[in-house]
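Dear colleague,

I am passing on the structure below, and my notes on it follow directly after.

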Amino acid sequence: KYLQMGIAKMQASVSAAEAIAAEKPDMGMNIGTAGTFRHKVGDIVVCRKFIDRDLIKVKIPEIIDYIDLSSETLPAFQKLAEMPVGECSTGDTFVTSAGEMDSDVCDMESFCIAYICKKHKIPFVSVKVVSDVVGSNSVKDWQEATNEAIEKLQNFFNSL
């Protein structure tokens, strides 16, 4: 069987697998920025559902393209488990139009990390700060929003 995986997703998968093997964590967490059509720049979205937007297009039998972890407990951050569940669309390219995704946020790594954590039976959550609205110069906005995103995420976790 052959499955082509892009660079961003491959790096995320390898990094997650190596970290799990070395650290044997109780929980996996991805923290970062994401684009959106549904939210405002600066919003925090707690993702527990994940779509691989590249794989979902090709519909290969027996290949997982959707993961729902919303029923799993999160041992270290129970407050995160109680927050509204967001859905993240992962792919190897920047989303540039509404037709490319139907989820709360989009990124380039969460699905892969969720997949690796699920395979190792490790609870997983992805916390994203919206850095850009897709289609409105989102690559430039993402670069400019990175420092603000770090501050927003620090404030969010300090409030838990």
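E62 is exposed, with a relative accessible area of 72% (exposed means over 50% relative accessible area, buried under 20% and partly exposed in between, with a 1.4 Å probe and protein chains only). This is a predicted model, in which local features need pLDDT of at least 70 and side-chain atom pairs count only at pLDDT 80 or more, while totals for chains, interfaces and linings use all residues. Residues are numbered from 1 along each chain as its sequence is written, and side-chain values use heavy atoms, with hydrogens and water left out.

E62 sits in the loop between α2 (55-58) and β3 (66-68), where helices (H or I, at least four residues) and strands (E, at least two) are DSSP runs numbered from the N terminus. Although E62 is not a glycine, its phi is positive, at about 70°. Most residues other than glycine have a negative phi.

K121, also not a glycine, has a positive phi near 55°, and belongs to the loop between α4 (110-119) and β6 (124-133). With a relative accessibility of 73%, K121 counts as exposed.

K9, by contrast, is buried, at a relative accessible area of 4%, and lies in helix α1 (residues 7-23). Its side chain is joined to that of D52 by a polar contact of 3.0 Å (a pair of N or O atoms within 3.5 Å, of which, within protein, one must be able to donate a hydrogen and the other to accept it, residues adjacent in sequence counting only if both atoms are side-chain atoms). Setting aside neighbours within four places in sequence, K9 is in contact with D52, D54, T90, D92, M108 and C112, contact meaning heavy atoms within 4.5 Å.

Best regards
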